[in-house]
Amino acid sequence: MFFVQTLSVLALFFCACRATQSKGIVSLDSLTFDKVLSKFKVSIVKFDVSYPYGEKHEEFVKLGSAYQSVEDLLVAEVPVKDYGEKDNEDLAIRYGVSKKDFPMVKLFVNGQSEPYAYNDEDFNQEKLQKFVVKHSKEILYIGLPGTLEKFDGLASEFAKEKSAEKRKDILLQAEKLWDGSEGKQKQKSAEVYVKTMRKALEKGDEFFHTETVRINNVLKGSMTQEKKADLSVRLNILESFKVQHDEL
């Protein structure tokens, strides 16, 4: 029975994948939606016209490519028709999506009765990734580019902790992890986590905000792609502190 069920799910994926030309994105319909989403801890779904195009669609395609190797995370789309047989209109109605909302992105997380809606006016890969990370971190680790899972855990503990002494203990753990980090990029990222904690101990939690503003202002200027990538990683690591801190 398990073998038959597995074949059925694979068949659903095969049919769904054939229905979309967007690499890394699964196309779902009224029949496959619940069956496929039930197999994943986290699913990000875009409700859109039958043949989507434009910048927003391209940004969503980039998201699919970025997450193609992440297990337990599904990137999908639901093509909705408002003519003919009105394919998948029932799904749109079910989740409160109308044509004027297209494209509308919803994040489905196991254990949550309702999906999270993406309402940011900036519809781009970076913001979509942060949206996924923010709402899925309790059930699935999905790091932003340049972030490290163990350090993200320490960042969460650090941001929630009010005691300066206990924060120093967390910093000590981070420093030890930094010493044991292998690989140039991991070492660079580890250094950013440690220095962020040191600055927060020195200047207080306001540092998370002021440093984010400072880096965003620097990014507006002219620089090499390598420098821009380094600053983007810093922002991603700051997000590991900022997101957790904002939820207190």
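Q: Which residues in H7 meet H8, and which ones in H8 do they meet?
A: Keep in mind that this is a predicted model. On the H7 side you have Ala164, Arg167, Lys168, Ile170, Leu171, Ala174, Glu175 and Trp178. They meet Gln187, Ala190, Glu191, Val194, Met197, Arg198 and Leu201 in H8.

Q: How does that contact split by class?
A: Between H7 and H8 there are nine nonpolar, one polar and five charged residues.

Q: And how do the axes of H7 and H8 cross?
A: The axes of H7 (residues 164–179) and H8 (residues 184–203) come within 9 Å and cross at roughly 165 degrees. Angles over 145 degrees count as roughly antiparallel, so H7 is roughly antiparallel to H8.

Q: Left-handed or right-handed crossing?
A: Left-handed, as H7 passes H8.

Q: OK, switching to the sheet. What's the strand order?
A: E1-E3-E2-E4-E5, five strands in an open sheet with mixed pairing. E1 (26–27) and E5 are at the edges with a single partner strand each, so one side of each has no neighbour in the sheet.

Q: Which helix packs on the sheet and touches E2, E3 and E4?
A: That's H3 (residues 55–66), and its direction makes about 155 degrees with that of E2. There's also H5 (residues 125–136), lying across E2, E4 and E5 and running at about 25 degrees to E4.

Q: How many residues of E4 are buried?
A: Six of the six residues in E4 (residues 104–109) are buried, so the strand is largely enclosed by the rest of the structure.

Q: Which of its residues point which way?
A: Met104, Lys106 and Phe108 point one way, while Val105, Leu107 and Val109 point the other way. All of them are buried, and that includes Lys106.

Q: How many bridges join E2 to E4?
A: Six, and E2 (residues 42–49) runs antiparallel to E4. Valine 42 is opposite valine 109, and serine 43 has phenylalanine 108 as its bridge partner.

Q: What about E4 and E5, how many bridges there?
A: Two, again with the strands antiparallel, and E5 covers residues 116–117. Leucine 107 is opposite tyrosine 116.

Q: What phi does glycine 111 take in the hairpin of E4 and E5?
A: A positive one, near 95 degrees. The hairpin has six residues between the strands.

Q: New topic: where is valine 97?
A: In the loop between H4 (89–94) and E4.

Q: Buried or exposed?
A: Buried: the cut-off is under 20% relative accessible area, and valine 97 counts as buried because its relative accessibility is 7%.

Q: What does valine 97 touch?
A: Leaving out residues up to four places away in sequence, valine 97 touches Phe47, Ala92, Phe102, Met104 and Lys106.

Methods
Residues are numbered from 1 along each chain as its sequence is written. This is a predicted model: local features need pLDDT of at least 70, side-chain atom pairs count only at pLDDT 80 or more; totals for chains, interfaces and linings use all residues. Side-chain values use heavy atoms; hydrogens and water are left out. Axes are lines fitted to C-alpha atoms, for helices over the stretch in contact, and angles run from 0 to 180 degrees between N-to-C directions. Helices (H or I, at least four residues) and strands (E, at least two) are DSSP runs, numbered from the N terminus. Angles under 35 degrees count as roughly parallel, over 145 as roughly antiparallel, 65 to 115 as roughly perpendicular and the rest as oblique. A crossing is left-handed if the near helix is turned anticlockwise from the far one by less than a right angle, and right-handed if clockwise. Contact means heavy atoms within 4.5 Å. Ala, Val, Leu, Ile, Met, Phe, Trp, Tyr, Cys and Pro count as nonpolar, Asp, Glu, Lys and Arg as charged, and the others, Gly among them, as polar. Buried means under 20% relative accessible area, exposed over 50%, partly exposed in between (1.4 Å probe, protein chains only). Two strands pair if DSSP finds at least two bridges between them.
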